[in-house]
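Subject: A structure for you to look at

Hello,

Here is the structure I promised to pass on. Please open it and keep it beside you while you read. My notes follow below.

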Amino acid sequence: MDGDIPDHKAKPRVTLHDVARVAGVSKSSVSRILDERLPKTANATALRVREVAEKLGYVRDLAAANLRRGSTGQIGVIVPRLTDTVMAMLYEALARAAAQNGQFAIVATTDDNPDAGRAAAEALIRRGVDGLILSTARTDNHFTDELRTRGVPFVLALRHNGQSPAAIGDDRLGGYLATRHLLDLGHRRIGLITGPDYATSALGRREGYLRAMEEAGAAITPGWIVPSTFSIESGEIAAQALLSLRERPTAVFAVNDNTAIGALSAFARAGLSVPHDISLVGYNDIPIVSRLPVPLTTVRVPFDHIAEMALQLLNGEHSGTGPIRVATPTLIPRSSGAMPPPD
């Protein structure tokens, strides 16, 4: 009859019990076979269960599964800031890895402030996250000790503290590769724009620089190592300091791409051409650096691999102590490096 309201009652949800009844197996067997966290088996029973589940339209109820396991299926990710492309790339990699594992990643930012980091962690813990992944570890802060004492599952990413579980890139190797590249081009006067001393990632890249310079017998003039944060602005200021030296470097290694972009700005303002007047290498291989007017030579960090390792540690080892898993970086040569100009 016109004007009658159609009956749009939802169909009953297909349950594990329904799949088990039709497939002729136990409910526990169906649960095990359809658990995406477990290795996929290919025996006749497993194939039958998956076929029945597909025909019936079974969709796994993650909330119910997590409730049975005493978990929420949510992980907290704490980063300094999402305006930093590196941290945005890390979070996206963690979100992808979590989704593949039936989990959801919630992000909070701290502006690299320890007090803000503590507040962010508390807020995420109150939301009932199953654990935390922090890219905010600092050598001058011991918040991870508090988390360990409280039994909060956590893993560090990109930075480490030497004792907690962590998934990082091999920063010493990356710093060595960047500096070795410039040395192989013929440079001996190589400046370093460092990151903050509280970040082990920056310290590792500095160690790699020093090792490469020592191996090559290249002296380091005072003033060639300039501190910075990880920002574009600090890279520009640091590069200006290098250019003000009486014996300025013919090449610069900046320990992240943001500071390298800032250095490019300083070089342009000084009327210098890259790489004809000065060479430059960055670190991380954020997307924009390959599309700059002078594509930047940089060290690529495998963020997806680091994210996978972090999730494995978080889901498998909750002791708050344990291994540091290390991913290998790769040098990506582009147009920003060349032989040094003639004296």
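**A residue in helix H2**

Ile33 has a relative accessibility of 16%, so it counts as buried. Bear in mind from here on that this is a predicted model. Ile33 sits in helix H2, which covers residues 27-34. Which residues does Ile33 touch, once those up to four places away in sequence are set aside? They are Thr45, Ala46, Val49 and Arg50. Take Thr45 as a case to check on screen. Ile33 and Thr45 are 12 residues apart along the chain, and their C-alpha atoms are separated by 8.9 Å.

**The whole protein**

Now zoom out. The protein has 12 helices and 12 strands. Its radius of gyration is 26 Å, while the globule rule gives 20 Å for 343 residues, so the protein is more spread out than a compact globule. Along the principal axes, the C-alpha atoms fill a box of roughly 90 × 50 × 50 Å.

How much of the protein counts as buried? The share is 48% of the 343 residues. The exposed surface comes to about 16800 Å², and carbon and sulfur atoms supply 54% of that area.

Look at the contacts next. Count those with a separation of 6 or more: 71% of them join residues 24 or more positions apart.

Charges are quick to list. There are 37 positive and 36 negative side chains. The centres of these two sets lie 5 Å apart.

**The nonpolar cores**

The largest nonpolar core holds 69 residues. Which of them touch the most other members? Phe253 and Phe267 do. Leaving out residues up to four places away in sequence, Phe267 touches Ala239, Leu243, Val252, Leu272, Val274, Ile278 and Leu280. Another core, of 17 residues, lies apart from the largest one. Its members include Ile78, Phe143, Phe154 and Ile168.

Is Thr179 buried or exposed? Its relative accessible area is 0%, so Thr179 is buried. Beyond its neighbours within four places in sequence, Thr179 is in contact with Ile190, Tyr209, Ala212, Met213 and Phe253. You have met one of these already: Phe253 belongs to the largest nonpolar core.

**Backbone points to check**

Start with the background. Most residues other than glycine have a negative phi, and most peptide bonds are trans.

- Pro275 is in the loop between helix H11 (257-269) and strand S9 (279-281).
- Asn284: its phi is positive, near 115°, and the residue is not a glycine. Asn284 is placed in the loop between S9 and strand S10 (298-300). Its relative accessibility is 4%, so Asn284 counts as buried.
- Asp285: phi is positive here as well, at about 60°, again in a residue that is not a glycine. Asp285 lies in the loop between S9 and S10. With 11% relative accessibility, Asp285 counts as buried.

Best wishes

Notes
Residues are numbered from 1 along each chain as its sequence is written. This is a predicted model: local features need pLDDT of at least 70, side-chain atom pairs count only at pLDDT 80 or more; totals for chains, interfaces and linings use all residues. Side-chain values use heavy atoms; hydrogens and water are left out. A nonpolar core is a set of buried Ala, Val, Leu, Ile, Met, Phe, Trp, Tyr and Cys residues joined through side-chain atoms within 4.5 Å. Buried means under 20% relative accessible area, exposed over 50%, partly exposed in between (1.4 Å probe, protein chains only). Contact means heavy atoms within 4.5 Å. Helices (H or I, at least four residues) and strands (E, at least two) are DSSP runs, numbered from the N terminus. The radius of gyration is taken over C-alpha atoms; the globule rule is 2.2 Å times the number of residues to the power 0.38. Accessible areas come from the Shrake-Rupley method with a 1.4 Å probe; for residues, only the protein chains shown count as cover. Lys and Arg count as positive and Asp and Glu as negative; His and the chain ends are not counted. The place of a charge is taken as NZ of Lys, CZ of Arg, CG of Asp or CD of Glu.
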